[in-house]
Amino acid sequence: MSFSVTPIPGMPMVVAGDDLCGQILTAIHDQGVTITDGDVVCVAQKVVSKAEGQLVDLATITASQQAIELAEETDKDPRLVELILSESTDILRKRVGVLIVRHKLGFVGAHAGIDQSNIEHGESGDFALLLPKDPDASADRLRLDILEKTGARVGVIITDSHNRPWRMGTIGAAIGAAGITVLEDHRGGTDIYGRELKVTLINRADALAAAATLVMGETTEKIPLVLIQGLAPEPVDPDQHAQLINRPLEEDLFR
C-alpha cells in the first residue's frame, strides 16, 4: 500500500464561530487538489478549538485553594492550574513546571492539553486554549459537512501533540476521528508462521496522525491542515472513534 501526505497551506487564522469546513475546502481547492472518497483530512486541534470558542481569558478565572497550592508546588499561574483541574479527573504526577493529569476525555498528558503557544494573547493579558469538548463529535461534524458540500466520503482526524511515558519528544496523535478505522483488531488471526495472534491491535488513527504532524510542523509553520490520499475508501463505522484508543482504567498497570 502507498499513500501521499500533503500539507495544505493557506488556512487563515481561525477565530470562534468560523466556518471551519468552508475554510478547509477553500484551502484545499486553492492548492489545486481534488478531494475524493477515501481521503483523510487531518486538522490540528488548535484550529478546531479556536473555531469552537475554547479560548479562555485567564483574567476571567478565579483560582481555588487547591489550584493555588498546586501552583506554588509547580511554579505555575494559579489561574492556569485552575483550568487544568477543571479539565481533568485525576492528578497523576507533579513537579516544578509539570502537571501530569488524566483529561476528562480519558487520555493522560501534561497540563490537560491546555496550550498558550501560537495563540493571540491580546492587550488585556494571558489567554489559554482548551481542547475541543468532544473531538470525536467535532471530527464527525466535519466529515458530514465535507460530504454535504463535496459528495466525497472522507475520514477526518483531529491531531494533537502528545508525550509518551519513557519516550522523549512529542508525536502526533489522534484525539478525534470519524470515518476511518481507528483500531485494526488482528486478534484471532495468525502471523506468517501460523501462530495465533492474541493481543495485536493496530492503532491506525495515531499512525496517520503522526504522519500528518510530520508535515504540519509544530512551531511556526502555520500548516494546521494535511490531506492524506491513496488509502482505500472505508465504510463508516460509528463505533470507530478516537475514544477507543484510551486504555481502560482496569487495564492500566502504572496507576
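**Close-up views of a predicted model**

**View 1. Arg204 and Glu184 form a salt bridge, their closest N and O atoms being 3.6 Å apart.** The structure shown in this and the following views is a predicted model. The pair links distant parts of the chain, with Arg204 in helix H6 and Glu184 in strand S10 (residues 183-185), 20 residues apart. Arg204 has a relative accessible area of 15% and is therefore buried, the cut-off being under 20%. Glu184, at 29% relative accessibility, counts as partly exposed.

**View 2. Helix H6 (residues 204-216) lies across S1, S2, strand S8 (155-164), S9 and S12.** The helix runs at about 115 degrees to S9. Helix H1 (residues 20-30) lies across strand S2 (40-44) and S12, at about 65 degrees to S12.

**View 3. An open sheet of five strands has the order S1-S12-S2-S8-S9, with mixed pairing.** Strand S1 (4-7) and strand S9 (167-178) each have a single partner strand and stand at the edges, so one side of each is left without a neighbour in the sheet. On average, neighbouring strands of this sheet are turned by 30 degrees against each other, direction ignored. Four bridges pair S1 with strand S12 (residues 225-229) in the antiparallel sense. Within S12, Leu227 stands opposite Thr6.

**View 4. Strands S4 and S5 form a hairpin with two residues between them.** Strand S4 (residues 88-95) and strand S5 (residues 98-103) run antiparallel and are joined by six bridges. Arg93 stands opposite Ile100 in S5. In the turn, Gly97 has a positive phi of about 90 degrees.

**View 5. Glu73 and Lys94 form a salt bridge, with 3.3 Å between the closest N and O atoms.** The pair links distant parts of the chain: Glu73 belongs to helix H3 (residues 65-74) and Lys94 to strand S4, 21 residues apart. Glu73 counts as partly exposed at 42% relative accessibility, and Lys94 counts as partly exposed at 44%.

**View 6. Lys149 forms a salt bridge with Asp19, the closest N and O atoms lying 3.3 Å apart.** Lys149 is in helix H5 (residues 135-150) and Asp19 is in the loop between S1 and H1, so the pair ties together parts that are 130 residues apart in sequence. The whole structure holds 12 salt bridges. Asp90, Arg102 and Asp252 are linked in a network of salt bridges.

**View 7. Trp166, Leu253 and Phe254 form a nonpolar patch on the surface.** Together these residues have about 480 Å² of accessible area. Trp166 is placed in the loop between S8 and S9. At 70% relative accessibility, Trp166 counts as exposed.

Definitions and conventions: Residues numbered from 1 in each chain as written. Predicted model: local features only at pLDDT ≥ 70, side-chain atom pairs only at ≥ 80, totals over all residues. Heavy atoms only, no water. Pairing = 2+ DSSP bridges. Axes fitted to C-alpha atoms, helices over the stretch in contact; angles between N-to-C directions. Contact = heavy atoms within 4.5 Å. Patch = residues over 30% accessible without salt bridge, like charges linked within 9 Å, V, L, I, M, F, W, Y side chains within 5 Å. Areas by Shrake-Rupley, 256 points an atom, 1.4 Å probe, with all protein chains shown as cover. Salt bridge = Lys/Arg side-chain N within 4 Å of Asp/Glu carboxyl O. Buried < 20%, exposed > 50% of the residue type's maximum accessible area, 1.4 Å probe, protein only.
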